[in-house]
Each structure stands twice: as C-alpha cells, then as structure tokens.
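Hi,

Here is the structure I promised to pass on. Have a look at it first, and my notes on what turned up follow below.

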Amino acid sequence: MTQNNLFFSSKEFKNKAWVKDKKIYKEAEKNPVKFWEKLAAKLFWFKKWKKSFVHNPPYSRVKLGTGRLAESENRPYFQWFAGGKINITENIFEKNLLGWEKIKNKTAVIWEPEPTNEEPKKLTYEELFKQVCKFANALKKLGVKKGDRVGIYLPMIPEAIISVLACARIGAVHTVIFSAFSPAALKIRLQDTGAKILITADGYYRRGRIIDLKKSADHGTKETKVKKVVVIKRAGNKIFFKKTRDLWWHELLKKENDYCKPAIMDAGDLLFLLATSGSTGRPKQTMHACGGYAVQAYWTGKWIFDFHQNDIFWCTADLGWVTGHTYGCYSPLLNGICFLFFEGAPDWPKPDRWAQIIEKYGVSIFYTAPTAIRMFEKYGEKIIKKYKFKKLRVLGTVGEPIDEDAWQWYFKNVGKSRCPIVDTWWQTETGGILISSLPGVGPFKPAFVGLPFPGIKFDILNEQGKSCKIGEQGNLVILPPFAPGLLQGLYKNPKKYKETYWSQYGNKAYFTSDGAIKDKQGLIRIVGRVDDVLKVAGHRITTGELENAVAKHPEITECAVIGIPDAIKGEVPIIFIVSKKIHKIGFCLEIKQEIIEQIKKEIGPIALPKEIYMVEDLPKTRSGKIMRRILKKLFIAEAPLNNCKANLTGQDLGDLSTLSNPETVEKIKKIIQQK
Ligand code: PRX
C-alpha cells in the first residue's frame, strides 16, 4: 500500500505481526524505563535487578561484577538493570522463551559453505548447546576465567558461533576480529584487549581460493599476550603448527563433557569487546554488557524483523561486525528461530548466489546492506527474474543510507512489491537497532530510516544544543534513558569515551556523530557521519586509520584521505600523497603499488582506495592543518551515490584565503584532470 511515497504493509501482514498498533509508541514514551523494565522481565534472570535505570550512578557505591574493569570505573553515565544477574546463553538454550522442549530439536543454524559441491550443515538447538558446552569446558581447562578476553579470528563457519557462545557461557569476554583483517590489524586488536587465547582456523574459502588464515594468525599474535591458539580444521591447507602453543579444536572437544554450568553474570559485566573506527588512527574497543544487550537484542529482533517460529532468517553480515554479533547470532537464537550462516561472497561463483540461497532454504527474512543491494542491482533484473522468493516476507537494510533508487529496486525485485523494508539505523556502540519503523505499523519511506524504536528517545540538535526544526539538519543524539544495549565504555580509554560521546552536549545526550533530519511524521533521515568516518561498502574506516597506514611508507612525507560517493560501495577512499621523489620517472606507479600493499598489510583489503594521487603539496591552513574539506570539494558527486566526478570547474571550493598555500589547489586540480 502506498500513500504519498509512504508505504504500509498489507492487512494480512499486520494481522500476524507482533506489533500492529502505533499506540505502543505513546505507551513507551510515557515512561521508557518502565517500558524496558517490562520487556526485560520477560527474559530469564538468576536474580532480578535492584534498579532498572540509574543516570549518573555514584560509582563508589555501585558493586561491580568481576568482569568489570577497574580502569573503566569512571564510566558510563548510566546503568541498566543494576544488580541483576543473567547469562545470555541460558536465555538462548535452557530458558529460551519459546520453551526448551519446543526448540531443542529445531534447527538453529543452517551453514552454507562457499564451495557449491560441499554439503551444508545443520545444527539443532540441542546440538549447538552441546558443542557450546564442550568448548566452554575446554576453554576453562585452558585457564580461561570470567572476565578474561578471548580473541576469535574465524571465517563464517559454525565454530565461530560456538566460540562466541562458549565465551558467554563461562563469562569470558569475546572479542571477534574480522577474518579479512590483516595480521597487523589483528595484532593491534589483540594488544588492545589483552587476549591470552586466540581461536582461529587453518584456512577458508573466498571466491574459490583458500585463504591461509593461520599464517595471518601466526603473524598477528607476535608481540601479544596470546599463549594458546585453538585451530579449527576447515580448509585442510598445510599450516605451521607450534606444538607448545597450538591446539586442534577437534582434539580438544573430544575429551569434553557436553554440559557446562552457566556463569552468573552481573547485568553490567562485560559480554564482549568489539573494535570500531573512531576519530583517530587506532580503533576503539567498545564495551558491551550482559544484561541490557540481551534485552535489546531479543526485543529489537522480535519486533523489527517480526521473528516467528517458522521463520528462516538470513543476515548477510560477517560475525566480525556488530550486525553479525547481534542479528547474525544472538538475536535469532534468543528468539528461538532458525538462521542461515554463509561462508562465501553473495555473488560467487555466480552473481545470483544470494538469490539461489534465499530460494533454496525458503528464507523469509533477508537483512543486508545497501552496498550489496546496489551490487545486485548492477547485475541486472534479468538474473533474478526467475526467482519468486515466495517465502520472503520482510526485508531489512543497514549500515549506510539507502538511496531511493536502491530502495525501490529492492522493494520491487526482491520483495516483489509485497515485503515491508525495515531500514535499520544503529551503530557498533548501540549494540542493537534503535531506529526503524516496525513492519506491522510502518510507515516506510524510501531513504528514511523511520521512527525510533519504542522506548528510545532521540533528538536532532544544532551546534548550540537547540532542537532542530522539521526538515532542518542537525546532530542526532540519544536522550536518557539512552538504550539498554548502549556501550558501557571504551576499553581502557575512559577519556576517549567521554570525549567522543559525552562532550558535545554533556552527559545528558549521547552524541552519535551522525547528521540527521526529521520529517513531519517524525521519521528520521540519516544524512551521514559528521566526523572523519568513511562507510566503505558499509564498513567503518577512518581517514586517520588509513593515513596512518600510508604514512608508514618510508618515501611518504605527508598524506590525506578523503571519502567520495561511489555508485556501489556508497563511499570510497581517495588518497593524496606527498613525496620528495615525485619527479623521479616511474616512481609514481611503483609507490602507488607499494601503498596498496601497505594498506593490505596494515588494515586489509576492505580499505583499498579508489585512486591515489601523487601531489607536490597538500592544501593547509596557516597553522599547518591539512584541509581535507577542500580536497573533497574537488570531487563533487553529480547526484548522490552516482559515480562521482571530479569538480574541475573550480566553482564553489569555498574560501581559500585561509590557506597558507592556495596555489596547491590549482596544481592538484591539474593532476586529477590528467587521470
Ligand atoms: O553513519 C551511521 C551508519 O553507520 C554508522 C555506524 O557504523 P557501524 O558502527 O559500523 O555499524 C553499522 C551497523 C550497525 C552510523 O553512525 N548507519 C548505520 N545504519 C544506517 C546508517 N546510516 C544510514 N542508514 C542506516 N540504516
């Protein structure tokens, strides 16, 4: 159904939806704390909380659980479910809200390997539970205790889920590192979290090739505290196996009992650390706590994706990202539904692999990123025409703004004009979705994420801290009582935590770093980041991170990274480099190749630039600050998200009078023109 570019789901959909009445918003707004308290009470707690929400708690009087870390005691500015005792795996298995007897023989995970000639695997809830317990017992034998950090550097194989849940079972803090990250990126993350154990695999398949993951793990664990490495045999490739340190997963599990008692966790104890890009070169480790995260993961999944017993859910995100954590693992499991876990790339070996998978398993809810949708669109409608997608009933998108064209394409060609699209806004920091229209309520408006989830209060503020008018762009902030799953701090970095999230508007508003606009229905449109974060194919990378990687090259004296719009990836990096040897023949090409290799080594292939320009100098203010804004203005998109063209007309570059070297702008323009 459509009305003035607003879409609503069908009556039939509404009738079956968990939430169909918009009065839920009013109810939640009256008293958001009570609202969340009611939702939280549905989960299983060993002991109920003493206080559901405290703003600015007096920390000296708050009893900290064992997973709490002393160096972070001066955070956060709020607490949810203080004093409550919980274990998320108990809520997934024995105390699942659907009832253990009902779900134990049901398929929890369907694993689709990348090679098409390999058999998929299915694990029932009971089988998964036993594996989790076995590995949890093995971890305990390796000396892992409550609060210890465990690194997980794995491809999309069932053991990745088992590892995450095994940590949660015993109260260890999992810290998953995306398997495509380079050894250097792995090392930083292991150093920052202080993990003593790493779980990895021999190798995995990517576009038909075997990637030697163990080799990366061997390099990445150097100069870290990692004492033991558990290795899963996945690809069967030859690896270096250090007997005093490495252990085979299958051998470890052989000896273990299939039951492990759950650790009793304080609501505020750490469940996981997950690195994300911040405003500096080094990633920040976001801290997520057991109680609030479980509540938010359960309810947002249930209401936004409208999880029902017979659903088959496919979230395409890798477990290495927060979307993979919450909706590719915890949320579907807490809701007792079946979900798909796919090892490969969605367009390999053929562009319609993703469509084949949806059809083969009868996926009913499909959750992916705009970058993937634009890629599917690029391959053309022809390749998916033959698919009926009869079982599909809800579509989701996440990670970056979705433009109207991609939205319409997704709606018509994948959803066959019958499935609501839930555009979901959230961040690594928020732990779960916070803005999205509910599928049984709507409305859905292309390019708008929708309404805040019931019980979550947002505002859009101008620089002075005043609420923006309808249609006016400002900074998106979350107001008290914030969100139960919102990060509890940045690991070992309370200063950065305060600076990044709580300094723009004080401790009464969490600063999201996103620009946003509200329409008259209260629907929110995300304009994009207001900091130095780029979203490249939905992945979060900072200009600082990339600049650090490039600057390590000995011939580079200076560099600047900007993000420009891209038709498929949403945004791509462009790098400007300065070197003394600029005039040496052949040097340019050589150095560019070396920089590509350097980025692969320092970060991984996700951060590769679209273009590298060798320039004599970078535009700078008199105080020496590089003006990335001007470099960016040299590239102006003809239309949002269309192929970006360089703006070489020289118009509208802003005021250049503050530059100490305005002549560089002309020179850079010429270099771009030569391309
Ligand atoms: O800018 C917003 C964008 O992604 C950022 C968070 O990135 P990350 O921590 O990697 O988490 C991504 C997955 C949860 C946000 O600050 N973003 C996320 N979802 C949307 C979005 N922008 C527009 N629309 C969305 N639905």
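Let me start with the cysteines: C559 is buried, at a relative accessible area of 7%. C338 is buried too, with 5%. Keep in mind throughout that this is a predicted model.

Next, the overall layout. The protein chain is divided into domain 1 (88–345) and domain 2 (537–673). Taken over C-alpha atoms, the centres of these two domains are separated by 37 Å. The domains do meet, though: 16 residues of domain 1 are in contact with 14 residues of domain 2.

Now the inside. In soluble globular proteins, nonpolar side chains tend to be buried together. Here the largest nonpolar core has 200 residues, and L128 and F135 are the ones with the most contacts inside it. At least three residues of this core come from each of domain 1 and domain 2. What does L128 touch, once neighbours within four places in sequence are left aside? Its contacts are F93, A108, V109, L123, I161, I162, L165 and L333. There is also a second, separate core of 21 residues, with I562, V615, L634 and L653 among its members.

A pair of rings is described by the distance of the centres and the angle of the planes. The structure holds 52 aromatic pairs. In one of them, F313 and Y367 have ring centres 6.4 Å apart and planes at 25°, so this pair is stacked. F313 sits in strand β18 (residues 312–315) and Y367 in strand β20 (residues 365–368), so the pair ties together parts that are 54 residues apart in sequence. Both ends are covered: F313 is buried at 0% relative accessibility, and Y367 is buried at 1%. Y501 and Y510 make another stacked pair, 5.2 Å centre to centre with 10° between the planes, and both of these tyrosines are buried. They also belong to a cluster linked by ring pairs, which includes W45, W49, F53, F78 and W80.

The charged end of K302 is over the ring of W18, 3.8 Å from its centre. For R189, the charged end lies over the ring of F181, at 4.2 Å from the centre.

D519 lies in the loop between β26 (510–518) and β27 (524–529). Is D519 buried or exposed? With 10% relative accessibility, D519 counts as buried, because the cut-off is under 20%. Not counting residues up to four places away in sequence, D519 touches K445, F448 and I470. D519 and G450 are 69 residues apart in sequence, while their C-alpha atoms are 9.8 Å apart in space. T621, in the loop between β32 (611–615) and α20 (628–633), is buried as well, at 15% relative accessibility. Setting aside residues up to four places away in sequence, T621 is in touch with M627, T658, L659 and S660.

Most residues other than glycine have a negative phi, and most peptide bonds are trans. Which peptide bonds are cis here? Among them is the one from G442 to P443, with omega near -10°. P443 is in the loop between β22 (421–424) and β23 (457–461). The bond from P480 to P481 is also cis, with omega near 10°, and P481 lies in the loop between β24 (474–479) and β25 (489–490). As for phi, A447 has a positive value of about 75° without being a glycine. A447 is in the loop between β22 and β23 and is buried, with a relative accessible area of 12%. S417 has a positive phi near 55°, but S417 is partly exposed, at 44%.

Happy browsing!

Key
Residues numbered from 1 in each chain as written. Predicted model: local features only at pLDDT ≥ 70, side-chain atom pairs only at ≥ 80, totals over all residues. Heavy atoms only, no water. Buried < 20%, exposed > 50% of the residue type's maximum accessible area, 1.4 Å probe, protein only. Phe/Tyr/Trp six-rings, centres within 6.5 Å; stacked < 30°, edge-to-face > 60°. Helix = DSSP H or I, 4+ residues; strand = E, 2+ residues; numbered from the N terminus. Lys NZ or Arg CZ within 6 Å of the ring centre and 35° of its normal. Core = buried A, V, L, I, M, F, W, Y, C linked by side-chain atoms within 4.5 Å. Domains from an automatic or database assignment. Contact = heavy atoms within 4.5 Å.
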